[in-house]
2 protein chains.
Amino acid sequence: VTAPHDRAAILSIGDELAIGQSLDTNAMWIAERCTARGIRVVEHRTVADDLAELTRAITELAARVPVVIATGGLGPTADDLTRQALADAMRESLVEDPQALARLEEIERTRGRTLTPQRRAQALRPMSARCIPNPNGTAPGLAATIAAERHACDVFFLPGPPREMHPMFDAFVAPALRPPGGRVVRTRLIRTFGLPEADAGARLGDLMRRDANPLIGTTASGGIVTVRIRAEGEAAWADAATDTAEAAVLAAVGDFVFATGERTLSEAVLDSLRARSERMVVAESCTSGLLGAMVGAIPGASDCFLGGYIAYANTLKRMDLGVPLRILDGPGAVSMEAAIEMAQGGLRRNPRAHHALSITGIAGPTGETPGKPVGTVFIARASRLNNSAHAPVDARRFLIAGDRDDIRERSAVTALGMLWHHLAHATTPKLLWQIAP
Amino acid sequence: VTAPHDRAAILSIGDELAIGQSLDTNAMWIAERCTARGIRVVEHRTVADDLAELTRAITELAARVPVVIATGGLGPTADDLTRQALADAMRESLVEDPQALARLEEIERTRGRTLTPQRRAQALRPMSARCIPNPNGTAPGLAATIAAERHACDVFFLPGPPREMHPMFDAFVAPALRPPGGRVVRTRLIRTFGLPEADAGARLGDLMRRDANPLIGTTASGGIVTVRIRAEGEAAWADAATDTAEAAVLAAVGDFVFATGERTLSEAVLDSLRARSERMVVAESCTSGLLGAMVGAIPGASDCFLGGYIAYANTLKRMDLGVPLRILDGPGAVSMEAAIEMAQGGLRRNPRAHHALSITGIAGPTGETPGKPVGTVFIARASRLNNSAHAPVDARRFLIAGDRDDIRERSAVTALGMLWHHLAHATTPKLLWQIAP
C-alpha cells in the first residue's frame, strides 16, 4: 500500500474534449505538479463520456502506474458517467455518501431549491471510495484504491472546471501523493536566439543522449531554441547535476543564450537596456506593430521603451521617418537602404532614444518582386555612439520561412535578437534566416 | 483495406507535453476536423519521447481503431524518436527516402549549408511507409498502414509545430480519410462584438437547450462572443437545419454580428473600408502596436491600412500626434481628452486617411492613479466628414477586466469594434466594458 508513486497517468474525461470542442488545460496543469514532485508522468489520456471506454481506460491505466489522476464527468447530467465507470473498474457497487449528500442538500437549500434525483446522484461513490470535498462547486471528487494484478493503484477523480479542480488538487490530492523517496525532478530552461535547432543539437552532441540523466532536449519556436535540462534523482544530487548540465550547455551554446528560465527575449532586452539606462524606439513596416506589441507586453516597459512608428504605407515612411523618395522609388520600400533610413529616422525623431530597430519586408502571401521572394525581410539596428547624433547601423537581409504570421512574428523576434546580441556581446553573429550581408 | 475510418485515435508525442511544460493544442485541432467529417474520436493519448512507450502506444492504438493521427517527435535531434518507434511497431527497418533526401538537400543548399547526418535522418521512413511533404519545415511526415490483429490501421505522423502540421493535415491527411457514409456533423460559427455573453444567452433563450439538435452554444473571448451551431444527422437534413438555426440566431443577436465563419473583426473592418475605398490609421499608447498588428495580420491590409503611431512615451504623443502639454499635464496621458487628441492628430498627419483609432489606458499591473484603476482605457474614433478636414470624434471610457495581456488585447479589439459598428450601422451601441459617456 505504501509503494511510492514513482509514475503517474492523467485521464481527462468528456465528449467536448474528445471531439475537439474544448481545449484540455487540466492535464498540463496536473502534469506540471506531478513532475515538480519527482513523479514521472508517463501518459495523458482523453476519452469521451462512454461508460465502456471509460471503464477500460481506468482499468488499463491502473494496471500500468501506481497513481492515476482524472478530471471530468462528475457533474449532475446524464453524460456524467465517471462514478459508474470507477465502480465498474473496482467491481464494486455505488453507495450514497451521507456527508456528501448532506452537503448537496445544504447547497440546494441556500439556493432555495430542493435536491433533484439527478443532482442527488453526485453523492454516490463506490463502496470503498472516499469523497473529496469541493468548496467551489456541487460535485465532490472521489479517491479510491484499485487492486490491479501486481500492485495497488491510487486513483483520484476531480471535477473538470479548473476553478473547482485546482483547489481540490492542492488541498487533497497533493498531500496524498507519495513521491518516490528522495527522488525529485529538477528542470531548467536555457533559451537561445538565432541558432538553428540542428546546429544547437550538433553543438550539444552527446549531452543530448537519450539515456542520460540529466536528460537534455531542445524545442524550437520562431527562432528561439529552448534547451531543457531534466535531472531525476535524490534532491541534492539533482540540484548539482542540473547546475553541471547547465554549465555544459552554456559552454556549448552560451554565445546564443539570452535567458535561463521562462524569461522572454523582450524581457532580456528590456533588462539590458534598464541596466544601461538606455531607451529604444521601433520603426515597423511589414510587422505593423508586432515588435512594439512584444516589447510593450512586458510590465514596466515604459522605463526603456518610448514607442515608435507603424510605417506601413510609404507616405508614413517618408513623412514620419524621412525615408527619401529616391530610395522608395529606387531600391524600394523593401530594401537595405530603406531599413537603414527607417532606423536612423526613428532615432532622429527621438533624441531621448539610444537604439532604433526597423523592419521592412514581404510577409506575403503576395507582394513578391523580382529578386525579393516572400519572406525577404530587411532589419536594421541603429545605436547612438556615446549619446551623440552619430548612430552606426547594423542592417541585414533575411529570408524567413513560413506563412504570413510566421514571417511577421519571426521578423519581430529577429529584430529583438539583433538588439539583444548587440547589448550582451557588442557583436551579433550571423543569425538564423540571415542571407546577407 | 477500404474499411471506413469510423473511429480515430489521436497521439501527441513529446517530453514537453508529458511533463506539463507545453500545452497540446494539436489534439483538439485534429479532433475537431475528424468530428466534422463524421469520424468518432475515441481517444487522445500523450506520451513522452521514450522509444518503448511510444512503440507500445502506437501498437495499442493501431489495434483499437482504423486510423491514428499523431504529431511530434519528427525533428532532427536525438530526442525525436517517432520514426524509429513507428518502424518498431511495423516490424520494419528504416530506409532513406530519395525524394525526402533530395528536398532536405535542396533546403540546405538554399540556406548555404551542407546536410549534416542529424538532419539527414529526417529522410528516414519505415520500408513500406510514405513521406508526407512539409512545405513549411524540414521534417517530412509519415503515412503507413499497420497490420493489426483483426484489421489494418492507417497511421499518419505529422510534425508538432502547428504551422507545419495544419497545412500537411489539410493537403494530405484530410483527403486520405474515409469517413463512414451517412451521418455528418455540420458546424457554423456566428461572431458578435460588444454584447456580454450572458446577454447573448438571454437573447438566444430556448435556442440553447442542451438536448436540441442543432445544438447551439456560446463561447466568449476578449469581447467577442462566438455562437456555435452544431447539427448532427444525414447530410441534407444537417445542412438545412444549420441554415434554419443560423437564421434564428441572426434574428436574436444580428445587430452585434460581424461575421459568419472564421472571419476576424480585422477582416470585417478591412472589407468594410475596402468597399468604401477608405483608409485608416492608428495611434496607440497602452497597446503599443497590438492594434496595428491585428489589422496588418490580414493579407492585403495595405489597401486600407496606412499605419500609425506607437505613442507609448508622452514625448511621442506630443511630437508625433500633437497632444498639447496642457492635456498631458492636466487630465493626463490617460484621459478622454488625450484619446481625442491622439485620434485627431493621427488623422491630421495623414491626409489620405479617413478614420483614426486611438487607445490610451492603464494596462497594469501597476500605474493606477486616483479615479483611474488598472483597466481604465479611453478609446477614440475620429472619422472625416465628407473627406474634409473636419472629423467628429466618438470617444469612450472603458473599465476592462483581466490582466495586462487581457486589457491590452481587449482594448485593441474594442477599438476595432467601435470602427466596425460605425462602418456597418453608422451608430455604435454601448459596448461591453464601457462605463462612460
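Is His354(A) buried or exposed? His354(A) is buried, with a relative accessible area of 11%, where buried means under 20% relative accessible area, exposed over 50%, and partly exposed in between (1.4 Å probe, protein chains only). This is a predicted model, in which local features need pLDDT of at least 70 and side-chain atom pairs count only at pLDDT 80 or more, while totals for chains, interfaces and linings use all residues. Residues are numbered from 1 along each chain as its sequence is written, chains are lettered from A and ligands numbered from 1 in the order in which they are written, and side-chain values use heavy atoms, with hydrogens and water left out.

**Surroundings of His354(A)**

His354(A) is placed in the loop between helix H14 (336–348) and strand E15 (355–361) of chain A; helices (H or I, at least four residues) and strands (E, at least two) are DSSP runs, numbered from the N terminus. Not counting residues up to four places away in sequence, His354(A) touches Ser277(A), Glu278(A), Arg279(A), Leu347(A), Ala382(A), Ser383(A), Arg384(A) and Asn387(A), contact meaning heavy atoms within 4.5 Å.

**Interface of chain A and chain B**

The contact draws 79 residues from chain A and 74 residues from chain B. About 6100 Å² is buried between chain A and chain B, and carbon and sulfur atoms give 51% of this area; buried area is the accessible area (1.4 Å probe) that two parts lose on being put together, summed over both. On the side of chain A, Arg210(A), Arg228(A) and Ile310(A) lose the most area to chain B, together 9% of what that side buries.

Across this interface there are 10 salt bridges, each a side-chain nitrogen of Lys or Arg within 4 Å of a carboxyl oxygen of Asp or Glu. One of them joins Arg163(B) to Asp406(A). Strand E2 (residues 40–47) of chain A gives the most to the side of chain A that touches chain B, with 8 residues.

Strand E14 (residues 305–310) of chain A pairs with strand E14 (residues 305–310) of chain B in the antiparallel sense over 3 bridges, pairing requiring that DSSP finds at least two bridges between two strands. Within this pairing, Ile310(A) has Gly308(B) in E14(B) as its bridge partner.

**A hairpin in chain B**

Strands E10 (residues 215–221) and E11 (residues 224–234) of chain B run antiparallel and are joined by 7 bridges. Ala220(B) has Val225(B) in E11(B) as its bridge partner. The hairpin has 2 residues between the strands, and Gly222(B) takes a positive phi near 55 degrees there.

**Salt bridges**

Over all chains the count comes to 54 salt bridges. Selected pairs are listed below.

| Salt bridge | N to O separation |
|---|---|
| Arg163(B) and Asp406(A) | 2.6 Å |
| Asp271(A) and Arg263(A) | 2.5 Å |
| Asp394(A) and Arg396(A) | 3.0 Å |
| Asp243(B) and Arg188(B) | 2.7 Å |

In the pair of Asp243(B) and Arg188(B), distant parts of the chain are linked, with Asp243(B) in helix H9 (residues 235–253) and Arg188(B) in strand E9 (residues 183–193) of chain B, 55 residues apart. Asp243(B) is partly exposed at 43% relative accessibility, and Arg188(B) is partly exposed at 24%. Salt bridges that share partners also join Glu43(A), Arg45(A), Glu60(A), Arg64(A), Glu43(B), Arg45(B), Glu60(B) and Arg64(B) into one network.

Asp271(A) is partly exposed at 33% relative accessibility, and Arg263(A) is partly exposed at 29%. Asp394(A) and Arg396(A), by contrast, are buried.
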